[in-house]
Amino acid sequence: MIAGWDALVTGGSSGIGAAIAERLAAAGCRLVVLGRNSDRLDALARRTGARTVVADLTTPAGLSRATEAAQRVDLLVNSAGRGWAGDVTSMPEPDVSALIALNLAAPLQLTRAALPGMRDRGRGHLVFVSSIAAVGVGGEAVYAATKAGLRAYAASVRYEVAGQEIGVTTVLPGAVRTPFFDHRGLAYERHFPRQLDPDLVASALLRAMERGDPEVFVPRWLAVAARIQGAAPEVFHRLARRFG
C-alpha cells in the first residue's frame with residue numbers, strides 16, 4: 001500500500017519515531033527523518049537509507065524546515081513529543097510553552113503543510129502519535145492536554161478528508177521504553193502496566209494503517225479506559241483517583 005511513498009517521520013532520532021521509521025523503510029517508503037540529535041539521525045539513516053533533517057520544532061527556523069519537507073510527502077508521521085511530570089503549579093512557563101509547541105502546535109502546522117499535496121496527488125496518510133494520557137493523568141496535566149488536543153485534531157481532520165484517498169490514524173500507546181521518561185523529570189517506576197518496546201507500537205500502527213483503523217491503542221486493552229471514560233465518566237474518574 002505504501003511502498004514507494006515519500007514519508008516524513010518527526011521525532012525520528014529515537015523511541016517510537018525511530019521504530020516507525022524502521023518499519024516504513026522495510027515497507028518500501030522513501031524516508032525523511034526529522035529530529036534534534038544529528039548523531040542518532042545519522043545512525044538511523046545508515047540503517048534505513050533515510051534523508052535526515054536536523055530541526056527543533058519548537059523554534060520558528062526548525063518548524064519552517066519541517067513544513068517545507070512536509071509539503072512533498074505522501075505519509076506524515078507526527079511522532080515528536082516530550083513530557084513533563086509534577087504538580088501543574090510548579091511547571092515552569094517555558095516548559096508549558098515548549099510542550100504545547102512540540103506536542104500540539106507543530107503537528108497542526110505540519111498537517112496543514114502536507115494536506116494540499118496529498119489532495120493534489122490523490123493519496124496520503126496522516127499519523128498522529130497521541131497517548132493514553134489523553135484520557136487525563138494526574139501529575140502530567142499539560143502533557144495530557146496536548147495529547148487530548150492532538151487526538152481531537154486528528155478526528156476533526158478525519159472528518160474533513162472523508163471521501164478522499166487520505167487516511168488518518170491516531171495511535172495511543174501506554175508506557176513505552178524510550179528516552180521520554182529520562183527527560184520528563186520522573187522515572188517510570190510502576191510494575192503494571194509494564195513498559196512496551198517501541199517496535200510493538202510501530203507494528204501495531206502499520207497494521208492499523210493497512211486496515212484503515214482510525215485509532216489504535218497499544219496494548220489493545222487500554223481501549224477499555226477510553227470507553228469507560230466516554231460511557232461512564234464518573235466511574236472512570238473514581239478509578240483514576242484510586243489507581244492513577
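Helices (H or I, at least four residues) and strands (E, at least two) are DSSP runs, numbered from the N terminus. By that rule, this protein has nine helices and seven strands. One of the loops, between strand 7 and helix 8 (223-231), holds Pro219. The model is predicted, so local features need pLDDT of at least 70, side-chain atom pairs count only at pLDDT 80 or more, and totals for chains, interfaces and linings use all residues. Residues are numbered from 1 along each chain as its sequence is written, and side-chain values use heavy atoms, with hydrogens and water left out.

**Overall**

- Of the 244 residues in the protein, 49% are buried. Buried means under 20% relative accessible area, exposed means over 50%, and partly exposed is in between (1.4 Å probe, protein chains only).
- Contact means heavy atoms within 4.5 Å. Take the contacts between residues at least 6 apart in sequence: 64% of them join residues at least 24 apart.

**The sheet**

- Strands of a sheet pair through backbone hydrogen bonds, either parallel or antiparallel. Here, two strands pair if DSSP finds at least two bridges between them.
- Strand 1 (residues 6-10) and strand 2 (residues 30-35) run parallel and are joined by five bridges. Val9 stands opposite Val33 in strand 2.
- Strand 2 is mostly covered, with five of its six residues buried.

**Helices against the sheet**

- Axes are lines fitted to C-alpha atoms, for helices over the stretch in contact; angles run from 0 to 180 degrees between N-to-C directions.

**Helix 3 meets helix 4**

- The axes of helix 3 (residues 60-70) and helix 4 come within 8 Å and cross at roughly 35°.
- On the helix 3 side, the contact is made by Leu63, Ala66, Thr67 and Ala70. On the helix 4 side, Ala106, Gln109, Leu110, Ala113 and Ala114 take part.
- This contact has seven nonpolar, two polar and no charged residues. In this count, Ala, Val, Leu, Ile, Met, Phe, Trp, Tyr, Cys and Pro are nonpolar, Asp, Glu, Lys and Arg are charged, and the others, Gly among them, are polar.

**Nonpolar cores**

- A nonpolar core is a set of buried Ala, Val, Leu, Ile, Met, Phe, Trp, Tyr and Cys residues joined through side-chain atoms within 4.5 Å.
- The largest core has 31 residues. Ile20, Leu24 and Leu75 have the most contacts inside it.
- Several elements each supply at least two residues of this core, including strand 1, helix 1 (15-26), strand 2 and helix 2 (38-48). Helix 7 gives the most, with seven residues.
- Leaving aside neighbours within four places in sequence, Leu24 is in contact with Ile2, Ala7, Val9, Cys29, Leu31, Leu75, Val77 and Leu206.
- A second, separate core has 28 residues, including Val32, Ala66, Leu110 and Val161.

**Residues to find**

- Met118 is in helix 4. Met118 is buried, with a relative accessible area of 0%. Beyond four places in sequence, its contacts include Val73, Asp74, Leu75, Leu76 and Ile166. Met118 and Leu75 are 43 residues apart in sequence, yet 8.5 Å apart in space, C-alpha to C-alpha.
- Thr111 also belongs to helix 4. Thr111 is buried, with a relative accessible area of 0%. Not counting residues up to four places away in sequence, Thr111 touches Leu76, Asn78, Leu126, Phe128 and Tyr153.
- Gly149 is found in helix 5. Gly149 is partly exposed, with a relative accessible area of 25%. Gly149 and Ala134 are 15 residues apart along the chain, and 7.8 Å separates their C-alpha atoms.
- The peptide bond from Val218 to Pro219 is cis, with omega near -5°.
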